Amino acid sequence: MKKIMTLLTAGLAAATVSHAALADGGAKFLGNITTSSQIRSDMGTYWNQLTNENGCKWGSIHSVDANGKSVFNFNGFDSCENGYKWAKAAPGRTFKFHALIWGSQKPNFLCTKKNPSITKEKTLQYITEWFDAVAAKFPDLEYIDVVNEAIWSGDPVKGNYHSGYSKPAAGAEGISTDDPECGGTYIVQALGGDDIVNNKHQYNFVKKAFEMARERWPKAKLIYNDYNTLSWQMNEGIEMVQTLLKNGAPIDFYGQQAHDCKGMDKSTFESRMTKIHDAVGIPLLVSEYDIGEADDTKQKNDYANQIPFMWETPWIGGITIWGYINGATWAANTGIMEKDGRKRPAFTWLEEYFKNNLAKGQNNTGTVVEPEPQTPFKGTAAVIPGKIEAEDFDNPGVGYGNNSYSTAESSNKGDSDYRKGTSVSIYKKATGNVIGYNNEGNWYEYTVNVAETGSYTMFAAVAAAGSTSSFKLSVDGEDITKAIAVPAAASGEDNYSDYNKVSTVVNLTKGEHILRLTVTGAWFDIDYLNFEAGENAKDPYEIEKTDPAAIAGKVQMGVNVRADYDVFDMQGAFMGRLTAYGMEQAVQTVKSSNFLKAKGVYYVRAKATGMVQTVTVSK
């Protein structure tokens with residue numbers, strides 16, 4: 001059975017301490033990092049959150065002995081343990097672990113060139129041991145950068161991850177940011193690979209890392225963290241997080257490495273942050289903020305244009321400035337205090353802002369949400385052998401990982417009131433309800449109870465207008481079929497009412513499981529799944545091979561009866577609804593009227609019968 005995944009829990013407790021930091025008593029944290037591998041004595045004077053710049057990174061802690069056995073040193077360079085202890089030493093302080101999985105600062109023994117004997121299986125063993133070691137050392141972590149810099153940019157095959165998960169990665173200027181002698185790793189393969197669906201990466205390995213983290217830290221706030229997200233790869237980052245959330249990854253925050261905000265005006269900064277938040281639908285963290293500017297006035301102006309929005313916006317959970325001592329930061333001129341203690345104007349502005357505006361801070365990212373598992377739609381698991389109506393997918397639970405379906409659209413585009421309130425498009429047919437409007441990547445889950453372990457023949461009643469539609473089945477996250485092709489309508493027309501039956505043999509294990517149907521090729525309707533025992537079983541259920549006239553008769557609608565027709569573009573976007581006396585008149589209306597403004601191919605679908613016809617608009 002699918003495990004219950006816990007959403008983020010308690011928010012940051014506010015407290016006042018001696019030598020109060022700038023944001024103490026406020027709604028969220030204002031933090032910083034270690035300085036030249038040390039925690040300065042004035043750290044708590046200004047900041048109430050700490051991230052080790054390097055000390056908690058995988059490659060800083062994990063090594064192997066001569067026999068290949070894992071060794072972990074949490075108190076080495078830029079001591080991770082000391083950072084954790086600093087945060088625990090006073091109330092109101094927060095510690096963020098940075099980072100569990102990163103393609104750049106990873107252990108050398110994972111590199112294929114440096115360790116030719118490394119394998120995918122051994123890599124997974126080391127990753128698991130690493131997660132377990134961190135959980136044993138720090139069981140109560142509040143914030144965790146689970147995966148760092150995994151956005152794929154460029155061509156779907158020839159491009160690059162932001163850091164070197166599979167090969168040395170190129171930075172923004174095309175220069176390698178990773179050790180070219182590493183030769184790549186098996187991190188991606190070990191964590192489940194990275195499927196490409198419709199030329200889009202699915203980031204299976206990132207999802208797996210988050211699932212592993214949630215199992216070990218059910219109450220921590222789990223972060224995906226990346227750079228260039230406010231500039232060059234904004235859309236790629238949005239698409240990645242959307243994909244991961246759609247596929248059930250338990251991500252609580254999208255971390256913005258805001259290293260690229262120099263000279264960005266107030267309006268641009270705010271609109272970009274808002275665009276990202278609105279698109280992904282989860283809170284953001286400003287996880288690594290700095291302004292590399294030698295001109296004191298320009299640096300101060302950037303702080304003044306950007307910090308207030310971070311502090312006063314409720315869906316931004318916190319701010320971590322990436323170093324404060326000039327000359328001791330990763331990039332030139334990002335410090336806001338000189339080594340002799342003189343404060344640059346940006347620091348002076350920061351102190352004055354928080355002195356006068358502390359109460360303006362807002363934070364709604366710590367809401368307590370108790371997880372609830374998904375449940376069978378009709379109260380009990382569907383029995384196998386037996387028939388499962390496609391529209392009877394499970395009731396969703398609460399919390400990431402407890403969804404029971406996922407669709408590309410945000411609202412139901414069907415014409416049935418069945419399962420009203422979900423985003424699944426359910427249509428009325430003469431034979432009952434069916435799921436339609438299936439986009440590639442959509443999935444639906446069903447709690448099933450298999451009577452006996454053995455082979456079963458699976459039958460599905462499906463209808464498609466073209467020949468590129470397909471789906472696959474999985475049980476408890478493991479595929480039990482390859483992509484199953486959905487045949488086009490026998491009539492050769494775009495007819496979603498011409499149902500066919502497809503079948504395949506599957507092996508199932510006795511007991512209760514989660515069955516998932518995943519759309520691997522778009523644009524088909526599905527009526528039911530039926531599982532019969534044995535490899536040569538027959539499906540006792542008949543499907544109707546109907547033509548439009550037969551369907552019209554069942555719903556008491558003749559060819560010349562006035563009816564509603566829905567119009568969609570080639571991507572499946574709903575364009576509008578019109579009324580006509582039959583499909584032919586509906587098609588002519590679309591062609592001749594100003595209903596559609598752009599040239600192209602469209603679909604006209606009868607609301608009552610589901611019949612579909614393509615229309616080419618050339619005006």
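1. Of the 619 residues of the protein chain, 55% count as buried; buried means under 20% relative accessible area, exposed over 50%, and partly exposed in between, with a 1.4 Å probe and protein chains only. The model is predicted, with local features needing pLDDT of at least 70, side-chain atom pairs counting only at pLDDT 80 or more, and totals for chains, interfaces and linings using all residues. Residues are numbered from 1 along each chain as its sequence is written, and side-chain values use heavy atoms, with hydrogens and water left out.

2. The protein chain has 12 helices and 31 strands. These are DSSP runs numbered from the N terminus: helices are H or I with at least four residues, strands are E with at least two. Among contacts in the protein chain with a separation of 6 or more, 71% come from residues 24 or more positions apart; contact means heavy atoms within 4.5 Å.

3. The largest nonpolar core has 97 residues, and Trp47, Phe97, Leu100, Tyr224 and Leu350 touch the most other members. Helix α4 gives the most to this core, with 7 residues. A nonpolar core is here a set of buried Ala, Val, Leu, Ile, Met, Phe, Trp, Tyr and Cys residues joined through side-chain atoms within 4.5 Å. A second, separate core of 32 residues includes Ala460, Val462, Val475 and Leu515. In soluble globular proteins, nonpolar side chains tend to be buried together.

4. Not counting residues up to four places away in sequence, Phe97 touches Cys56, Cys80, Trp130, Val134, Phe138, Leu141, Tyr143, Ile144 and Asp145. The peptide bond joining His98 and Ala99 is cis, with omega about 10 degrees. Ala99 belongs to strand β5 (residues 94-102).

5. Helix α9 (residues 296-312) and helix α10 (residues 345-357) have axes that come within 8 Å and cross at roughly 30 degrees. Axes are lines fitted to C-alpha atoms, for helices over the stretch in contact, and angles run from 0 to 180 degrees between N-to-C directions. The angle makes α9 roughly parallel to α10, where angles under 35 degrees count as roughly parallel, over 145 as roughly antiparallel, 65 to 115 as roughly perpendicular and the rest as oblique. The crossing of α9 and α10 is right-handed; a crossing is right-handed if the near helix is turned clockwise from the far one by less than a right angle, and left-handed if anticlockwise.

6. On the α9 side, Asp296, Gln299, Lys300, Tyr303, Ala304, Ile307, Pro308, Trp311 and Glu312 meet Pro345, Ala346, Trp349, Leu350, Tyr353, Phe354 and Asn357 of α10. By class, this contact of α9 with α10 has 11 nonpolar, 2 polar and 3 charged residues. Ala, Val, Leu, Ile, Met, Phe, Trp, Tyr, Cys and Pro count as nonpolar, Asp, Glu, Lys and Arg as charged, and the others, Gly among them, as polar. Leu350 is also one of the core residues that touch the most other members.

7. The axes of helix α4 (residues 120-137) and helix α6 (residues 204-216) come within 10 Å and cross at roughly 30 degrees, and the crossing is right-handed. Ile127, Thr128, Phe131, Asp132 and Ala135 of α4 make the contact with Ala209, Met212, Ala213 and Arg216 of α6. Those residues divide into 6 nonpolar, 1 polar and 2 charged.

8. For helix α7 (residues 234-246) and helix α8 (residues 266-280), the axes come within 9 Å and cross at roughly 25 degrees, which makes α7 roughly parallel to α8. The crossing of α7 and α8 is right-handed. Met234, Asn235, Ile238, Val241, Gln242 and Leu245 in α7 meet Arg272, Lys275, Ile276, Ala279 and Val280 in α8. Thr243, also in helix α7, is buried at a relative accessible area of 14% and touches His201 and Gln202, leaving out residues up to four places away in sequence.

9. Asn507 sits in strand β25 (residues 500-508) and counts as exposed at 58% relative accessibility. Asn507 and Ser455 are 52 residues apart in sequence, with their C-alpha atoms 4.5 Å apart.

10. Backbone points to check. Most residues other than glycine have a negative phi, and most peptide bonds are trans. A cis peptide bond joins Ile384 and Pro385, with omega about 15 degrees. Phi is positive at Asn333, near 65 degrees, and at Trp523, near 70 degrees. Asn333 lies in the loop between β14 (316-321) and α10, and Trp523 in the loop between β26 (511-521) and β27 (524-533).
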